[in-house]
Amino acid sequence: MATTRPETDSLGTREVPAAPLWGIHTLRALENFPLTGRPIHPLLVRSLGLVKLAAAQTNHRLGAWSDDDDKASAILAACTEMAEGGLGSAIVVDALQGGAGTSANMNVNEVLANRALELLGCGRGEYTRVNPLDDLNLHQSTNDVFPTALKIAALLSLDRLEQRVVALQEALQEQEQRWAHVVKVGRTEMQDAVLITVGRGFGAYAEAINRDRWRISKCRERLRVVNLGGTAVGTGLAAPRRYIFEVTEALRQLTGLSLARAENLVEATQNVDVFVEVSGILKAHAASLLKICTDLRLLSSGPDAGLAEIRLPARQAGSSIMPGKVNPVIPEAVSQAAMLVIGNDTTLTLACASGSLELNPFLPLVALTLLDNLDLLAQADDILCRHCIVGIKVDEARCARQVENSTASATALLPAIGHERAAEIARKAAHTGTSVRELAREAGISDVQFDQLTSATAVCRLGFVPPSTEKR
C-alpha cells in the first residue's frame, strides 16, 4: 500500500502521508509553524466542529447537496462527530500560527472532508466527491469561523470555572463560620494593628471571591455576540443572505448558548477588544487568589518561629535535606498559576491591540492565552479549595496568647479608658514586656471587662455604642 497520496493546493502538489485524515494545508502548517509543540485546545476543536455543523445544517437546509443525500449525511455525520468531541487527535496544527487561524480552519476542513469520504467508502484525498473548501468551508471564512469558535470554547470553559469559584467561596464561608469565635491580632503594613477574628478574615476572602464570581458571570454577555456569517471582513461576501441570517440561530440551537449575531459584522470582525475585557476579569480573579495565598503563607508561617496562627493541611514532605519540614505547596502552586494568568493577560492585550484594518491576525495567540487562563483558574480554584481551604486548622491558644501580649489589644480598650491612657498601656507593654491584660488591670480594667472588650462580639461590632446618659 502507498504510504503517501498526492494533494494539490494553489502553491502546487505535495505528497501527503496516506494514513492521517488531514491533507496538504495541514502539512504546510506543520512545516511552517513548529512553535509551541502544542496543538490547539481540545475545547476549541470541539467548538470548531459545532460551527462547522451549524454551517452544514444551514447550507443543507438551503439546498446544498440536495441531489446527493449520501454526501449530505456523511458531511453532517463527520461534523457531528467532531462537535461531540471526536476526531481531536487529527487536529495537529500548532496552537500558534500565522494567518489568523487559517491553518486550524483548514486542518478541520480536511479532517471533516476525509472523514466524510471514509463514511462514503471513498479513499482519503478524493476531493472531487467531498471537498474541504467547496463543501466543508461553504459560505464561511476563517475570519468568522475561528473567532466564533473561540467564543464558544470560552463560554463552555466558563461553566467549569464558575462551578469552581462557587465551591471555593462556599469553603471560605464555612471557615468564616467555623472560626467566628477566635479573636486574633489584625495587622496593617505587617505590624500589629487592632483585634479581629479569624472568621472575619475568611469572610473577607469569601467576599472577594464572590465579587469575582459576579464579574465572571458577566463574561457571558461579552462573549455571546458572534460574527458568524460575515465571512472575510464582515460583509458576508459569497454567502447567501438567508445563510447569514440563519446560521447563528442554528449554532445557538446546537450549543444551547444564548448566541446572537453581531449587528455590525464588519466591526465585530475588525475588533476583538471583548477578549481584553474578559481577560481583565480573569486577571482580577487571579489577583484575588494571589492575595489570599500570600496571606495563607504568612499566617501559617513557622510553625514554631513564625505567625503560625493557622495550620495548612500537610500535602507532602517539604525538603530533601531538612527533616520534618512541610511547605505551603498549595498556596505556592496557586500563586504561580495566578502570576501566569496575569502575564497571559498582558500577552493577550498586546495581541488584541495589534490588529490591523479589517482583521486581527493574532487570534491564535488570543485563543491560546485565554483558554489557558480559563483552565489555569479553574484548576487553581479547585486545588486551593479541596487541598487547602477545607482542611485549615486554627491554633486558638496561640491566637489567644498573641491577643493578650500584643499592643493591638490596647486599642480595644479605647471605649473604656480613652486614647491617652490606652496609648500609655501600649507603650509600657512594648518597653517592659508586661502583658496588656496586666497593665489594663493596673489601670482599673477588670478581667471580665477586658474579656468583654476583646471578645469576638466586641471586636467585630461595627463601631461601639456609648453608654446612655440619664436625662436631666
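**Close-up views of the predicted model**

**View 1. Phe202 and Tyr205 both belong to helix α6, which covers residues 198-223, and stand three residues apart, or about one turn of the helix.** The model shown in this and the following views is predicted. The structure holds one aromatic pair, and this pair is formed by Phe202 and Tyr205 in an edge-to-face arrangement, with 6.1 Å from centre to centre and 90° between the planes. Phe202 counts as buried because its relative accessibility is 4%, and Tyr205, at 12% relative accessibility, also counts as buried because the cut-off for that class is under 20%.

**View 2. Leu161 lies in helix α5, which spans residues 142-178.** With a relative accessibility of 0%, Leu161 counts as buried. Leaving aside residues up to four places away in sequence, Leu161 touches Ile216, Leu282, Leu374, Leu377, Ala378 and Asp381. The C-alpha atom of Leu161 is separated by 8.3 Å from that of Gln379, although the two residues are 218 residues apart along the chain.

**View 3. Residues 410-456 carry the UniProt feature "domain: Fumarase C C-terminal", which comes from an unreviewed entry.**

**View 4. The domain assignment of the chain gives domain 1 (20-138), domain 2 (144-226 + 264-396) and domain 3 (406-458).** Between the C-alpha centres of domain 1 and domain 3 there is a distance of 74 Å.

Note on methods:
Residues numbered from 1 in each chain as written. Predicted model: local features only at pLDDT ≥ 70, side-chain atom pairs only at ≥ 80, totals over all residues. Heavy atoms only, no water. Domains from an automatic or database assignment. Phe/Tyr/Trp six-rings, centres within 6.5 Å; stacked < 30°, edge-to-face > 60°. Helix = DSSP H or I, 4+ residues; strand = E, 2+ residues; numbered from the N terminus. Buried < 20%, exposed > 50% of the residue type's maximum accessible area, 1.4 Å probe, protein only. UniProt positions renumbered as here; feature names shortened; annotations may be inferred. Contact = heavy atoms within 4.5 Å.
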